[in-house]
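This report covers charged pairs, aromatic rings and helix packing, in that order. Please read it alongside the sequence and the model.

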Amino acid sequence: MVVDVPPQKRFPEDNFAEWNNGHPLGLRTVHAYVLVFDMGNLETFRYCRSMRDQILDSFSHRDFSLIVVGNKFDTITETQANSQELKDISTLVRKHWRCGYVECSAQYNYKIGDVFRELMGCTSTGGVIGTEFSQSNRNKGRCTIL
């Protein structure tokens, strides 16, 4: 199941904090986090960085995946697309954070499939989420999104 939640002021530090805020979203019980930022507004990446840090600080383990998505690729100019800032973000996420990273445009359905492929390929165990739902040998290695 994929759940799109509005921006959060803070990531819940524990299960009690999540249930105590009056709007439990199940943020602490997921298999993967997809942090999306607007490629035309790098302030939104700073928010994603803050959320990532809060997520990592709130767990004593890392049995979940984390993917960063740069959205609104269609709204940036070629100069912005080749800017050092966006290259630095890509390098930071892929090399230092060791997370999946995709640049896409939801409006034009550009590389949206890549976001889900990255999501399905990134698990902490190295496996693929959803493979236990395969019905036969013919479907082995395929993913099922519920």
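The structure holds 4 salt bridges, a salt bridge being a side-chain nitrogen of Lys or Arg within 4 Å of a carboxyl oxygen of Asp or Glu. This is a predicted model, in which local features need pLDDT of at least 70 and side-chain atom pairs count only at pLDDT 80 or more, while totals for chains, interfaces and linings use all residues. Residues are numbered from 1 along each chain as its sequence is written, and side-chain values use heavy atoms, with hydrogens and water left out.

| Salt bridge | N to O distance |
|---|---|
| Asp 38 and Lys 72 | 3.6 Å |
| Arg 46 and Glu 43 | 3.2 Å |
| Asp 53 and Arg 52 | 3.0 Å |

The bridge between Asp 38 and Lys 72 links distant parts of the chain, 34 residues apart: Asp 38 belongs to strand β1, and Lys 72 to the loop between β2 and α3. Helices (H or I, at least four residues) and strands (E, at least two) are DSSP runs, numbered from the N terminus. Asp 38 counts as buried at 19% relative accessibility, and Lys 72 is partly exposed at 39%. Here buried means under 20% relative accessible area, exposed over 50%, and partly exposed in between (1.4 Å probe, protein chains only).

Arg 46 and Glu 43 both lie in helix α2, 3 residues apart, about one turn of the helix. Arg 46 is partly exposed, with a relative accessible area of 47%, and Glu 43 is partly exposed at 48%. In the remaining listed pair, Asp 53 is partly exposed at 32%, whereas Arg 52 is buried at 13%.

Aromatic rings come next. The structure holds 6 aromatic pairs. Rings of Phe, Tyr and Trp (its six-membered ring) pair if their centres lie within 6.5 Å; planes under 30 degrees apart count as stacked, over 60 as edge-to-face and the rest as tilted. The ring centres of Phe 37 and Phe 45 are 5.2 Å apart with planes at 70 degrees, so this pair is edge-to-face. For Phe 45 and Trp 97 the centres are 5.8 Å apart and the planes at 15 degrees, so the pair is stacked. Phe 45 lies in helix α2 and Trp 97 in the loop between α4 and β3, so the pair ties together parts that are 52 residues apart in sequence. Phe 45 is buried at 6% relative accessible area, and Trp 97 is buried at 7%. One aromatic cluster is formed by Phe 37, Phe 45, Trp 97 and Tyr 101.

In helix α4 (residues 84-96), the buried residues are Leu 86, Ile 89, Ser 90, Leu 92 and Val 93. They fall within an arc of 160 degrees seen down the axis, so they line one face of α4; the arc is that of the directions from the helix axis to the C-beta atoms. On the other side of α4, Gln 84, Lys 95 and His 96 are exposed. The cover over the buried residues of α4 includes β1, α2 (43-58), β2, α3 (78-81) and β3.

In helix α5 (residues 112-121), Ile 112, Val 115, Leu 119 and Met 120 are buried. Their arc around the axis is only 125 degrees, which puts them on the same side of α5. The cover here includes β1 (32-38), β2 (65-71) and β3 (100-103).

How values were computed
Contact = heavy atoms within 4.5 Å.
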